[in-house]
Amino acid sequence: MAEDHGLKKKLEELEEQYSKTKYNKATNKYLGILRAKMARIRKDMAAKKGFGGTGFAVRKAGDATVVLVGFPNAGKSSLLKVLTNVESKVAGYAFTTIEVIPGMLQYNGARIQVLDLPGLIRGAHEGRGEGTKIASVIRTADLLLFLVDVNRTEQLRDLIEELNLLGIRPNRHKPEIRVEARKTGGISIAANRHRIPERPLIVGIMNEFSIFNADIYFYEDATPDDIVDLIAGNAAYINGVVALNKIDTAEEGAVRKAAAEIEQSSGMTVVPISAMRGININSLKETLFGKLNVIRIYLKPKDGEPDVSKPLIMKGGSTVMDVAKAVHSKTAKNLRYAFVEGKSVRFKNQKMGIDHALMDEDVVTLVYAKA
Ligand SMILES: Nc1nc2c(ncn2[C@@H]2O[C@H](COP(=O)(O)OP(=O)(O)OP(=O)(O)O)[C@@H](O)[C@H]2O)c(=O)[nH]1
Ligand SMILES: [Mg+2]
């Protein structure tokens with residue numbers, strides 16, 4: 001406990017130094033190192049506490065999980081109800097929701113678990129409003145559904161900033177950087193024309209994490225934060241979609257302008273909706289399904305017809321073997337090949353190997369070796 005207090009104090013000191021320092025070329029390195037120090041302490045603190053926390057353990061169910069993310073009063077509980085028919089308490093004031101409420105959305109044959117959480121507030125990363133517990137649930141998501149009030153669109157920027165402080169990187173992918181430890185030779189950097197921080201800063205960050213000998217390969221442009229994330233190893237990269245809510249309270253032109261601005265600044269798809277009036281909900285469902293990167297596979301018996309009402313829901317990029325494993329893990333080892341019809345092949349009933357990657361709505365007949 002005492003030690004934890006020490007860490008917290010140290011973190012506060014660093015945060016203060018950080019906020020006091022103006023960014024410019026001369027302070028760039030100093031700021032980068034400060035961020036590395038803060039990341040290291042946050043990591044140590046998280047390791048002590050462990051993620052999760054009581055009352056917030058959520059059982060994963062369905063084919064994929066979408067988490068509703070928004071400030072209090074954005075309309076999360078109202079949306080859960082129109083998406084899944086689950087009643088989460090809806091009221092006209094903040095903090096009516098005090099626990100995680102799961103609902104199940106059935107769409108295109110997929111079962112998508114939707115979680116309603118208490119609204120995030122500023123200061124969540126310091127534990128305010130159960131922020132760190134909420135974050136541990138958000139981390140389990142396959143997709144984030146940001147809910148933003150059309151009259152308060154600045155909320156999205158604040159939400160993303162708060163999530164970043166909680167180690168969640170919405171709509172970003174893991175930086176393509178490889179660090180290979182060495183016994184001697186110092187730090188060597190290969191960047192192949194990508195834009196990366198200056199060498200002293202990279203070395204400083206590495207040293208902060210007690211790495212003194214390593215080969216570092218950059219496969220894309222990277223910021224100091226990307227490097228810190230990679231080495232600290234506790235960032236969660238999750239795609240996001242924005243639902244712009246309460247459009248029944250705004251002019252059509254204003255809604256269109258707000259949607260375009262958010263799409264531009266966040267890079268996320270924006271769906272304008274009204275949770276209360278049930279406007280555009282189908283379009284939101286379609287967008288969620290598309291962004292989840294799941295595919296529907298129809299199984300066809302050798303001499304029968306495929307059951308198109310009951311697709312097998314698989315992760316995008318799944319192979320013939322993945323399907324066999326999903327059907328029956330024990331018999332999968334006897335799989336020989338498959339006949340495939342659909343977007344991933346050129347001919348009807350094409351014979352494909354077990355490593356063939358399938359696409360949405362492929363029809364598959366699995367062929368096993370005789371026992
Ligand atoms: N006009 C309008 N009001 C809405 C809409 N969606 C939600 N509301 C209202 O906004 C208020 C808050 O809705 P909730 O669904 O409870 O919001 P929440 O995000 O779950 O709030 P917390 O649980 O406190 O974080 C309620 O009075 C809703 O009726 C909408 O599309 N249009
Ligand atoms: Mg609520």
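**View 1. Helix 6 and helix 7 pass each other with axes within 10 Å.** In this predicted model, helix 6 (residues 199-208) and helix 7 (residues 224-232) cross at roughly 25 degrees, with axes fitted to C-alpha atoms over the stretch in contact and angles running from 0 to 180 degrees between N-to-C directions. Helix 6 is therefore roughly parallel to helix 7, a term for angles under 35 degrees. Look for Leu 201, Ile 202, Ile 205 and Met 206 of helix 6, which meet Pro 224, Ile 227, Val 228 and Ile 231 of helix 7; contact means heavy atoms within 4.5 Å. The residues of this contact are eight nonpolar, no polar and no charged.

View 2. Strand 14 (residues 335-341) pairs with strand 15 in the antiparallel sense over three bridges. Here Phe 339 has Lys 351 in strand 15 as its bridge partner.

**Reading the views.** Residues are numbered from 1 along each chain as its sequence is written. Local features need pLDDT of at least 70, and side-chain atom pairs count only at pLDDT 80 or more, pLDDT being the predictor's confidence in each residue, from 0 to 100. The chain has a mean pLDDT of 88.

Note on methods. Chains lettered and ligands numbered in written order. Heavy atoms only, no water. Helix = DSSP H or I, 4+ residues; strand = E, 2+ residues; numbered from the N terminus. Parallel < 35°, antiparallel > 145°, perpendicular 65-115°, else oblique. Nonpolar A, V, L, I, M, F, W, Y, C, P; charged D, E, K, R; others polar. Pairing = 2+ DSSP bridges.
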